[in-house]
Every structure is written in C-alpha cells, then in structure tokens.
Amino acid sequence: MAIKSSSRALGGLGGGSTSEYYCPCHPHVYLWFHRQMIREPMAEFLGVAILIIFGAGVDCQVVLSGNEGNYLSISFGWAVGTAMGVWASGGISGGHINPAVTLALATWRGFPWKKVPIYIFAQLMGGLAGGALVYANYFHAIDIFEGGQGIRTQATASLFSTYALDYMTAVSCFFSEFLATAVLMIMVLAVGDKNNTPTPSGLAPLFLFLLILGLGASLGMQTAYALNPARDFGPRLFLSMAGYGKAVYTYRSHYWIWCPILGPFLGAQAGTVFYDMFLYNGDDSTFNTAS
C-alpha cells in the first residue's frame, strides 16, 4: 500500500509535494515509521539515564571528593536530574521515568497496558546506562577511594544504588520508601489535575525539582530515597557486572527487592488510590468510570 504524504509530514523526506506517493519499503519512510515505534520508550530511556547521570554523579562528586557533609548538594543533584529527565522526555512519552508511576497510571488512570512492559524495560536500561556512564567518569576516583584497582565494596556501590542506615529494621526501610513514594505520586497527580492547581504549560519539571528536593531533604536520609525502581535496580544491575558481584543483591536478605522495588511500587499504588478516591473527578480514573 502506498502512503500519500507531503514533504513536511515526513520531516522533509523526499522533498516532494502532497501529490507524491511513497512506498512503505522506501528506506526513508521505513526508518521514519520504525523510529516512531521506539520514540516513546527511547524518551523514557533517555529521561532515566539523565536522572542517574545527575543523581549518581552528585553522589560520586560529594563522597569521592571527601565532602561527605554536604547532604544538600545530593538533594539538589537528584532534584535537577529529575527535572532534566522529565524535560527531555515529557512531551514525547509523558515523562514517567519511573516504573512505579507507569504501573500506577496503567492500573488506575487508563495508561495502555500494552505499553507498560516496554516502558519499564526502557526505564531500567536507562538506569543501567546512566550508572555505567557515571562509573566510567569516576572510575579512577573510585579506585583511589577504595584503596586500589579492582577493589569494589559497598562503600562505593552506595553511590549508585540505595542502602539503608544500619539502625533501620526491614519494616522501617519498607515504610520509608512506601511513604515517600506515596507522597511523590499524590503530588504528581495533583499537579496534573486541571481542577486542582496545575502548573503552567511546560513547567511541570520545575515543580518536580522542588518536590524531589523536598523529599530528599525531609525523608531521604534513612534509605537514600529510591522512590523509583529503575533508579535503584538499573545501576545495581550494572554494578553486578562491574566487579561488585552478588553482594549488591544479597545485602540484608535481598533488600533490593522489598525496599527500593516493592516499596515504591506499592507506595505509588496507595498514593494514586488515595488521590483518586477522595479528590479526583476526572473521567480517566477507574474510580470515576461506570462499570
């Protein structure tokens, strides 16, 4: 089947008028259509990669430089990373950059379930790629900090993925991530609600900057506030391939599953249920749709 298209519609490809026809097998058209198929997941990939580059980057810079007391720098770095990641992806994919957000929107807000697997896969791979880039950038500083080449311990693994403070119990770790992610999700839904107080067009990332800065400054100390399974598991997956081994998974009886993954997933679900059940009137919510 031939496709009728102006040169403008296909980004100038072919340079023809609206009367020209293009065969789908034409290389330019073939590539254009396939690029559209991966455009949204690639935006999620890029958004998470940017989040990790800023976030893990500031962790490395603060700790490896010996300036460990400057916690506010870390909060700012993760906040900037979130804002930049959403600015890079929001107009294309919605800027979820978080599997917990994607799953909550699919469960309660009508986000297509068929997109969920590829979104989450892209987000995880973005986390892995972002972690790898930061690791490559600080490779020599990590060697010096660890005391020699090839030495890799939790002391630097914690610059990329999350670990709890020693006094935290398993239940406390889970609750900390659950609570912070529930607050995150409620605020994300509130700022996107046209009947509440939405941000002006294009300024949602600025709102997210303030939100992540606030969450980091108030709830971030005890578990390093993952809030996002891709932010933790993507870099953790890279660490297991970069010399840190299975220790990144066996820490605290597989802490990585029940705290930075299950905590955010369930927290986002709880936050969405609360907001939609009591505050939201939009017809895209399961709570406001007739059976």
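Student: Okay. What kind of model is it?

Tutor: This is a predicted model. Keep that in mind throughout.

Student: How many helices and strands are in the chain?

Tutor: The chain has 12 helices and 2 strands. Along the sequence, the pattern reads β-β-α-α-α-α-α-α-α-α-α-α-α-α.

Student: And what share of the residues counts as buried?

Tutor: Of 291 residues, 47% count as buried. As for contacts, take those between residues at least 6 apart in sequence: 69% of them join residues at least 24 apart.

Student: Now the core. Which residues have the most contacts inside the largest nonpolar core?

Tutor: W78, F160 and I212. That core has 69 residues. Helix α1 gives the most to this core, with 9 residues.

Student: What does I212 touch?

Tutor: Setting aside residues up to four places away in sequence, I212 touches W78, A79, T82, L184, Y225 and L227.

Student: What about α1 and α9? At what angle do they pack?

Tutor: About 75°, with the axes of α1 (residues 27–64) and α9 (residues 229–241) 11 Å apart. The range for roughly perpendicular is 65 to 115 degrees, and α1 and α9 are therefore roughly perpendicular to each other.

Student: Which residues meet there?

Tutor: From α1, V48, L51, I52 and D59; from α9, A230, R231 and P235. The residues of this contact divide into 5 nonpolar, no polar and 2 charged.

Student: Switching topic. How many residues of α3 are buried?

Tutor: In α3 (residues 99–108), 8 of the 10 residues are buried, so the helix is largely enclosed by the rest of the structure. The buried ones are P99, A100, V101, T102, A104, L105, A106 and W108.

Student: What do they pack against?

Tutor: The buried residues of α3 pack against α4 (116–137), α7 (170–191), α9 and α12 (262–278).

Student: And the ends of α3?

Tutor: At the start of α3, a side-chain oxygen of N98 reaches to within 2.9 Å of the backbone nitrogen of A100. After α3 comes G110, with a positive phi near 80°.

Student: Let's look at N228. Where is it found, and is it buried or exposed?

Tutor: N228 is in the loop between α8 (204–219) and α9. N228 has a relative accessible area of 5%, so it is buried.

Student: What does its side chain reach?

Tutor: The N228 side chain reaches the backbone oxygen of I97 at 2.7 Å. Beyond residues up to four places away in sequence, N228 touches L51, I97, N98, P99, P260 and P264. L51 also belongs to the α1 side of the contact with α9.

Student: Last one. Where is S285 found, and what is it in contact with?

Tutor: S285 is found in the segment after α12. S285 is buried, with a relative accessible area of 0%. Leaving aside neighbours within four places in sequence, S285 is in contact with W108, R109, D276 and Y280. W108 is one of the buried residues of α3.

Conventions: Residues are numbered from 1 along each chain as its sequence is written. This is a predicted model: local features need pLDDT of at least 70, side-chain atom pairs count only at pLDDT 80 or more; totals for chains, interfaces and linings use all residues. Side-chain values use heavy atoms; hydrogens and water are left out. Axes are lines fitted to C-alpha atoms, for helices over the stretch in contact, and angles run from 0 to 180 degrees between N-to-C directions. Helices (H or I, at least four residues) and strands (E, at least two) are DSSP runs, numbered from the N terminus. Angles under 35 degrees count as roughly parallel, over 145 as roughly antiparallel, 65 to 115 as roughly perpendicular and the rest as oblique. Contact means heavy atoms within 4.5 Å. Ala, Val, Leu, Ile, Met, Phe, Trp, Tyr, Cys and Pro count as nonpolar, Asp, Glu, Lys and Arg as charged, and the others, Gly among them, as polar. A nonpolar core is a set of buried Ala, Val, Leu, Ile, Met, Phe, Trp, Tyr and Cys residues joined through side-chain atoms within 4.5 Å. Buried means under 20% relative accessible area, exposed over 50%, partly exposed in between (1.4 Å probe, protein chains only). A polar contact is a pair of N or O atoms within 3.5 Å; within protein, one must be able to donate a hydrogen and the other to accept it, and residues adjacent in sequence count only if both atoms are side-chain atoms.
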